[in-house]
Amino acid sequence: MLNMKICHSVIYESGELTGLNTDKELEKFIQSHLPMTETAFYMLLSLQVPRHGYGIIKYVDELTEGRIKLGSGTIYGTINKMIKSEIIEVYDDSDKKIVYVITDKGRALLAAEKERILHLYRDSLTADDGSFGSSGGDEH
């Protein structure tokens with residue numbers, strides 16, 4: 001189980017997390033969205049500041065040095081799902097381009113996913129040579 005205390009305290013101290021009134025509800029919400037897809041993860045990273053669809057594509061491309069290429073069909077499908085889940089919201093739609101931004105629920109989810117990825121990374125360093133632990137393979 002992930003330690004959700006960090007994102008809980010940040011969200012609940014502000015009192016701005018709508019729709020989820022308890023730590024248990026927040027944890028259930030987060031667990032239902034983990035693990036995130038690479039696309040969703042990078043989109044949430046990009047939406048920590050307001051961006052329109054093309055801005056998301058450019059940000060992710062630059063951040064990943066071209067490793068992740070998001071197509072417009074992919075991001076708009078993901079945007080619609082994220083809006084329905086209240087992970088992101090429309091920030092401004094007064095211009096021709098709709099601008100989106102992460103919500104408090106989305107911030108909590110992003111924090112939990114970063115923590116999950118950090119645990120994966122740490123575990124990979126610990127187990128790098130395969131010798132960690134006492135239960136090995138072919139012990140005769």
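Predicted model: local features only at pLDDT ≥ 70, side-chain atom pairs only at ≥ 80, totals over all residues.

Visitor: What is the strand order of the open sheet, and which are its edge strands?

Guide: Helices (H or I, at least four residues) and strands (E, at least two) are DSSP runs, numbered from the N terminus. Two strands pair if DSSP finds at least two bridges between them. Here 3 strands form an open sheet in the order β1-β3-β2, with antiparallel pairing. The edge strands, β1 (51-52) and β2 (88-92), each pair on one side only. β1 is joined to β3 (residues 99-102) by 2 bridges, whereas β2 and β3 pair over 4 bridges. Within the latter pairing, E89 stands opposite V101, and a hairpin of 6 residues joins β2 to β3.

Visitor: How is the packing of α3 against α5 described?

Guide: Two packed helices are described by the angle between their axes and the distance between the axes. Axes are lines fitted to C-alpha atoms, for helices over the stretch in contact, and angles run from 0 to 180 degrees between N-to-C directions. The axes of α3 (residues 38-46) and α5 come within 11 Å and cross at roughly 75°. α3 is therefore roughly perpendicular to α5 (65 to 115 degrees). In contact terms (heavy atoms within 4.5 Å), T39, A40, M43 and L44 of α3 meet T74, I75, T78, I79 and M82 of α5. Helix α5 (residues 72-84) also lies across β2 and β3, at about 105° to β2.

Visitor: Which residues touch the most other members of the largest nonpolar core?

Guide: In soluble globular proteins, nonpolar side chains tend to be buried together. A nonpolar core is a set of buried (under 20% relative accessible area) Ala, Val, Leu, Ile, Met, Phe, Trp, Tyr and Cys residues joined through side-chain atoms within 4.5 Å. The largest has 28 residues, of which I30, L44, L70 and I88 touch the most other members. α3 gives the most to this core, with 6 residues. Not counting residues up to four places away in sequence, L70 touches T39, M43, I56, I57, V60 and I75.

Terms used: Residues numbered from 1 in each chain as written. Heavy atoms only, no water. Parallel < 35°, antiparallel > 145°, perpendicular 65-115°, else oblique. Buried < 20%, exposed > 50% of the residue type's maximum accessible area, 1.4 Å probe, protein only.
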